[in-house]
Amino acid sequence: MSSPPNESLSFDDFDEEINPRPTETDFDRIVEAAVNRRGFLGGALAFGSFAMLGGTLVPSGVQAASNRFAFAQIPANTEDAVTVPEGYKADILVRWGDPLWSNAPEFDHASRGTADSQALAFGDNIDGMEVYAIGDKMVLVANNEYTNRKIIWGNREEGKAAEADDFNKGKMAHGVSVVEIAPTENGWAIVKDSPLNRRITPDTEIELTGPAAGHALLKTAADPTGTKTLGTWNNCGNGSTPWGTYLACEENFNGYFSAADEEHKVSPELDRYSVSSKDWGYGWANVDERFDVSKHPNEPNRAGYVVEIDPTDPNSTPKKRTALGRFKHENAEVVINNDGRVVVYMGDDERGEFLYRFVSDGVFATGGDTSSLLDEGTLSVAKFYDNGTGEWLELTPETTGMASKAEICIHSRQAGSAVGATTMDRPEWVTSNPNIAEVYCALTNNKNRGLKPNKGGDETPVGGPNPREANNYGQIVRWRPADGDHTAKDFTWDLFVLAGNPAVHQDANKGSDNVNADNMFNSPDGLKFDSNGLLWIQTDGNYSNAEGFAGHGNNQMLAGDPVTGEIRRFLVGPKECEVTGMTWSPDRKTMFVGIQHPGERGDSHWPEGGNAVPRSAVIAITRTDGGVMG
Ligand code: FEO
Ligand code: CA
Ligand code: CA
């Protein structure tokens with residue numbers, strides 16, 4: 001997410017108001033560090049032929065001919081439209097506010113709906129998604145991460161909520177939408193009234209499972225057992241299991257809590273997660289007291305997890321899998337290791353936070369019992385060394401000095417700090433290469449790199465996979481587990497790409513050698529391999545198209561070849577959007593992509609045009625020759 005809650009203030013900046021960065025920055029030092037890095041950034045070295053130079057490698061042979069791309073790269077642009085290459089087309093599948101049942105009204109552009117209509121309609125700001133084949137039906141499960149106040153309340157003066165129903169409408173636009181989809185004569189469409197359709201909202205009953213379930217820190221007045229909670233919100237990226245369940249990942253859960261008494265001071269444990277007496281403008285405490293942290297201080301401990309959802313049963317109770325840790329989860333990349341254990345890679349998207357790995361105790365077998373695979377296992381954090389090696393540090397009571405596994409699962413950030421995990425440039429999506437034991441993570445940007453510690457006071461030194469001070473552009477790190485074993489302690493790593501602007505910069509901000517004036521971008525975020533091993537990259541960055549971002553255009557989607565390092569732009573989104581979330585139809589002939597927050601600053605009418613309210617939507621991309629999409 002990148003939308004500002006207040007005018008031009010980003011969500012993260014809002015959190016930083018209570019934790020300001022130093023006012024003095026050493027500009028000379030920044031430039032010197034950047035220039036010094038040119039030498040090795042320019043020295044492209046292949047992953048396989050590993051000659052280490054300061055730990056940062058970029059792929060060689062990027063000028064080599066590549067036959068992995070079926071499309072011709074498109075130029076950057078600033079149109080209020082989705083642009084795809086010749087030979088492809090992009091259609092709308094479903095938009096924010098489209099009713100999932102025929103007893104709900106169509107989206108009303110004047111009012112932007114009500115709490116009641118929204119509860120029966122597709123949620124807002126689409127992010128992670130997956131399509132499941134269930135019998136002869138297909139079901140789309142998609143996260144609805146958050147809402148833009150000025151859009152959803154755009155019918156009110158200055159985009160401010162005017163009555164309780166406005167707050168509730170916002171609440172009902174969050175969560176997860178489950179909807180049957182089908183190909184029709186006019187392309188893909190949702191199936192209204194399908195028995196599989198479901199809205200999961202911040203009010204849906206959810207079970208807390210795993211080591212933290214029942215812990216005192218999870219008990220509230222409404223739930224003295226600490227095992228039953230209500231709802232999920234700010235679901236960013238996702239994961240999917242081989243046993244057919246969907247993983248919705250709770251990211252900026254903190255921004256929904258507030259205190260009637262603004263002087264209320266939260267505990268240091270909540271402060272580590274940027275929970276404070278002020279919310280990000282959603283105002284849920286006005287209509288639901290559990291979001292008042294002064295009255296219910298344990299309520300925020302019940303959010304920040306990975307939620308497992310069974311899309312085959314609309315009556316099933318989703319489960320928050322506390323064994324996967326509590327932090328600002330981006331996505332959850334599930335890999336079945338050679339020995340059958342389930343490995344889940346996860347980023348914590350905040351400046352200077354960590355990269356995590358969960359390894360299950362049990363093994364996955366097709367048709368076997370999967371009910372506790374994500375409840376019992378070991379959580380670790382990544383430590384990267386400058387020499388291109390790294391290791392996973394286990395989070396246990398012994399290594400962290402914390403009282404119990406339950407506490408580690410609730411205060412995972414504190415556990416990571418205790419063992420000295422590497423502070424990262426905002427770890428976003430993680431994805432694993434289907435052709436080789438190799439895993440990629442988008443490190444979207446970090447303006448605090450080298451300048452300010454993280455919320456826990458851990459230093460954020462320049463180096464390793466985070467090589468640029470005040471990192472504006474982001475990079476993609478990748479690692480290979482020792483011996484191809486995803487449960488191994490050790491790994492080697494390099495950088496697949498350093499984003500940048502070679503048309504503007506000559507220093508490290510020009511990016512790595514596989515970035516040029518024709519394919520440049522900033523802030524990689526969504527990341528997913530297709531079944532053929534092409535890496536799809538989505539951006540959530542600066543779309544000003546000015547100064548250091550001149551030539552980047554709107555947010556976009558690119559594809560990268562993990563072998564040659566070549567990167568080509570495939571799609572450009574409409575104005576002020578973020579491109580995020582992707583999945584494929586079972587026959588791989590359609591790629592579904594999420595367009596989030598078009599017009600977040602007021603300058604888009606996508607997709608309907610004219611004076612229409614801009615609406616987040618899932619688009620369906622196909623080849624005009626009917627070929628596969630990856
Ligand atoms: Fe919701 Fe880290 O993006
Ligand atoms: Ca992002
Ligand atoms: Ca994201």
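This is a predicted model: local features need pLDDT of at least 70, side-chain atom pairs count only at pLDDT 80 or more; totals for chains, interfaces and linings use all residues.
Tutor: Let's start with a term: strands here are DSSP runs of E with at least two residues, numbered from the N terminus.

Student: Why does N545 count as partly exposed?

Tutor: N545 has a relative accessibility of 30%. Buried means under 20% and exposed means over 50%, so a value in between is called partly exposed. N545 therefore counts as partly exposed at 30%.

Student: And E576, buried or exposed?

Tutor: Buried: E576 has a relative accessible area of 11%, and the cut-off for buried is under 20%.

Student: Let's go to the metals. How do you know which residues coordinate the calcium ion (ligand 3)?

Tutor: Look at the distances. E330 (OE), E428 (OE), D525 (OD) and D525 (OD) coordinate the calcium ion (ligand 3) at 2.3 to 2.9 Å. For Ca, the cut-off is within 3.2 Å, so these atoms count as donors. Along the sequence, the donor residues follow the spacing E-x97-E-x96-D.

Student: Why can E428 and D525 be said to tie parts together?

Tutor: E428 lies in strand β18 (residues 427-432) and D525 in strand β22 (residues 524-529), so the pair ties together parts that are 97 residues apart in sequence.

Student: What are the protein donors of the calcium ion (ligand 2)?

Tutor: They are E428 (OE), D525 (OD) and D540 (OD), lying 2.3 to 2.5 Å from the calcium ion (ligand 2). Their spacing in sequence is E-x96-D-x14-D.

Student: Now the rings. What makes F257 and F291 a tilted pair?

Tutor: The ring centres are 5.3 Å apart, and the limit for a pair is within 6.5 Å. The planes are 40° apart. Under 30 degrees would be stacked and over 60 would be edge-to-face, so the rest is called tilted. The pair of F257 and F291 is therefore tilted.

Student: Where do F257 and F291 lie?

Tutor: F257 lies in the loop between β10 (246-250) and α6 (268-271), and F291 lies in the loop between α6 and β11 (306-309). F257 and F291 are both buried.

Student: What do the values say about Y282 and W284?

Tutor: The centres of Y282 and W284 are 6.2 Å apart, with 50° between the planes. That is within 6.5 Å and falls between 30 and 60 degrees, so this pair is tilted. Y282 and W284 also belong to one aromatic cluster with W233, Y256, F257 and F291.

Student: How do you know that the charged end of K320 sits over the ring of W233?

Tutor: The charged end of K320 is 5.5 Å from the ring centre of W233, and the distance limit is within 6 Å. The definition also asks for a position within 35 degrees of the ring normal. R326 likewise lies over the face of Y273, at 4.1 Å from the ring centre.

Student: Last topic: strands. Why do β4 and β5 count as paired?

Tutor: Strand β4 (residues 175-184) and strand β5 (residues 187-190) are joined by 4 bridges. Pairing needs at least two bridges, so they count as paired. They run antiparallel, and a hairpin joins them through 2 residues.

Student: And what makes β8 and β9 edge strands?

Tutor: They belong to an open sheet with the order β8-β7-β12-β11-β10-β9. β8 (228-230) and β9 (235-240) each pair on one side only.

Terms used:
Residues are numbered from 1 along each chain as its sequence is written. Chains are lettered from A and ligands numbered from 1 in the order in which they are written. Side-chain values use heavy atoms; hydrogens and water are left out. Donors are N, O and S atoms within 2.8 Å of the metal (3.2 Å for Na, K and Ca); water is not among the atoms, so sites may look incomplete. Rings of Phe, Tyr and Trp (its six-membered ring) pair if their centres lie within 6.5 Å; planes under 30 degrees apart count as stacked, over 60 as edge-to-face and the rest as tilted. Buried means under 20% relative accessible area, exposed over 50%, partly exposed in between (1.4 Å probe, protein chains only).
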